[in-house]
Number of protein chains: 2
Amino acid sequence: MTRADERVDRVSRRQVDKFAERRRELAEAAIQTLSELGYARTSLREIAQNSAFSHGVLHYYFADKIELITYCVRQYKTQCVLRYDEIVTSARTADGLAHGFADALVATLREDAYLHRLWYDMRSQALFEESFRADVLELDAGLEQMIWRIVTRHAELSGAPLTVTSPEAYAMFDGLFQYALLRHLTGAPTALTDLHARALRMLPLTLCRPEGSAS
Amino acid sequence: MTRADERVDRVSRRQVDKFAERRRELAEAAIQTLSELGYARTSLREIAQNSAFSHGVLHYYFADKIELITYCVRQYKTQCVLRYDEIVTSARTADGLAHGFADALVATLREDAYLHRLWYDMRSQALFEESFRADVLELDAGLEQMIWRIVTRHAELSGAPLTVTSPEAYAMFDGLFQYALLRHLTGAPTALTDLHARALRMLPLTLCRPEGSAS
DNA sequence: GAGATCTCTGGACACTTGTCAAGATTTTCT
DNA sequence: AGAAAATCTTGACAAGTGTCCAGAGATCTC
């Protein structure tokens with residue numbers, strides 16, 4: 001490789017890095033705006049106002065609005081899916097796993113409520129606009145696998161066989177979380193504690209004998 | 001009451017009737033448009049184009065866009081909630097109820113997929129816009145009660161006590177249906193049959209001993 | 001049938017939207 | 001330092017938005 005080639009490579013890589021970095025930065029502002037206003041009410045100018053730049057720059061880094069939002073979904077995915085894996089690997093008992101899971105659900109509902117609201121909004125949008133579908137389905141599959149890891153590990157630690165499949169387990173806890181999110185964002189004071197209790201009550205339903213939570 | 005009063009009353013009642021009837025008609029066009037395009041992409045002119053009138057008439061019957069859509073949600077509610085009650089009252093065995101329920105889920109997923117897509121879209125919108133919240137929450141509560149009637153009747157017919165509460169039962173089947181809707185609308189060929197099988201598998205989870213579906 | 005009232009049309013308005021491009025500014029390289 | 005390239009700003013554009021209104025048409029009352 002000649003010196004010229006090295007330079008070109010170095011330059012282009014640096015450019016790519018800065019380019020990619022700024023894309024992430026702008027996507028961050030976009031995600032914040034989307035999570036505050038929702039997809040239907042988010043404009044490019046509003047996104048730019050939540051960043052350090054003016055609205056024109058968005059078309060320098062993204063071809064159009066759809067590419068920006070697709071990029072946002074993809075970036076959001078990388079932050080979101082891995083969040084529970086520490087719980088799975090660190091738990092030593094079924095009860096410990098159950099409580100760690102319930103605690104994590106409550107924590108993310110309290111701290112990231114707006115992000116989850118955005119996720120359900122985007123998943124609904126994907127039913128109308130084909131552009132996001134691929135990424136949304138991929139993200140959804142990742143979430144399902146995350147739930148499945150928890151449920152199967154919980155069954156392992158319990159020594160009991162499973163009564164549900166992966167889609168059923170995901171449907172249960174996704175529905176439960178969505179229920180809690182709706183209540184939490186509409187001011188229900190017991191939404192967080194209810195979610196905790198219900199997660200603990202529903203996790204044993206995935207096993208053949210729910211002896212873990214003898215009430 | 002004088003004859004003049006009677007006349008006034010008759011006239012105004014007739015006006016109210018025609019007025020209310022036209023509101024329903026326009027709301028019908030609005031629901032159709034919303035279910036096709038989604039909330040974010042539906043404009044008043046598009047709604048009018050799906051009706052027999054021009055766009056100006058919408059502001060004759062509705063104060064603004066929010067009132068129109070709120071009215072749509074309320075009208076949609078009356079059509080939607082009562083749909084499963086016949087199944088509950090006509091079933092004589094737990095298994096019959098379970099199959100009737102699963103069949104109904106599949107049927108409405110196949111026939112009314114766009115309406116359900118609209119419902120999940122509106123429920124997401126309610127998390128952002130406070131205007132629809134009251135009606136959406138009311139509709140959601142109605143759906144939860146509908147599920148609860150099925151689950152409790154199923155427990156009665158089975159002679160087994162319940163393991164879940166009403167929110168948990170609703171979360172389970174709402175999550176299950178949403179999962180199926182996403183797959184069905186994105187072209188998954190087994191979405192319908194999967195929903196049927198999973199509903200039959202999950203209903204026994206609401207009881208203390210899932211002996212009804214010995215697989 | 002005349003007049004009053006209800007209903008509807010079509011156009012106008014102020015505003016926002018996504019997109020684009022010309023030019024200013026900054027950064028990078030020699 | 002000075003040229004070249006990358007980056008950012010600003011303003012403009014056409015299209016679409018919700019809203020309003022003057023007036024045409026329809027319907028009803030007397």
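Through which surface do the copies meet, and why?

Guide: The copies meet through the same surface, because 100% of the interface residues of chain A are also interface residues in chain B. This is a predicted model, in which local features need pLDDT of at least 70 and side-chain atom pairs count only at pLDDT 80 or more, while totals for chains, interfaces and linings use all residues. Residues are numbered from 1 along each chain as its sequence is written, and chains are lettered from A and ligands numbered from 1 in the order in which they are written.

Two copies of a chain are related by a rotation about an axis and a shift along it.

The contact draws 31 residues from chain A and 31 residues from chain B; two residues are in contact if their C-beta atoms, placed from the backbone, lie within 7 Å. On the side of chain A that touches chain B, two or more residues come from each of α7 (113–126), α8 (133–158), α9 (166–185) and α10 (191–202) of chain A. These elements are DSSP runs numbered from the N terminus, with helices (H or I) of at least four residues and strands (E) of at least two. The most is given by α9(A), with 11 residues. By class, this side of chain A has 18 nonpolar, six polar and seven charged residues. Ala, Val, Leu, Ile, Met, Phe, Trp, Tyr, Cys and Pro count as nonpolar, Asp, Glu, Lys and Arg as charged, and the others, Gly among them, as polar.

As to confidence, chain A averages a pLDDT of 91, and 90% of the residues score at least 70; pLDDT is the predictor's confidence in each residue, from 0 to 100. Over residues 1–8 of chain A the pLDDT is below 50, and this stretch has one contact in the model beyond near neighbours in sequence. Residues 210–215 of chain A also stay under 50, and for them the model has 10 contacts beyond four places in sequence.
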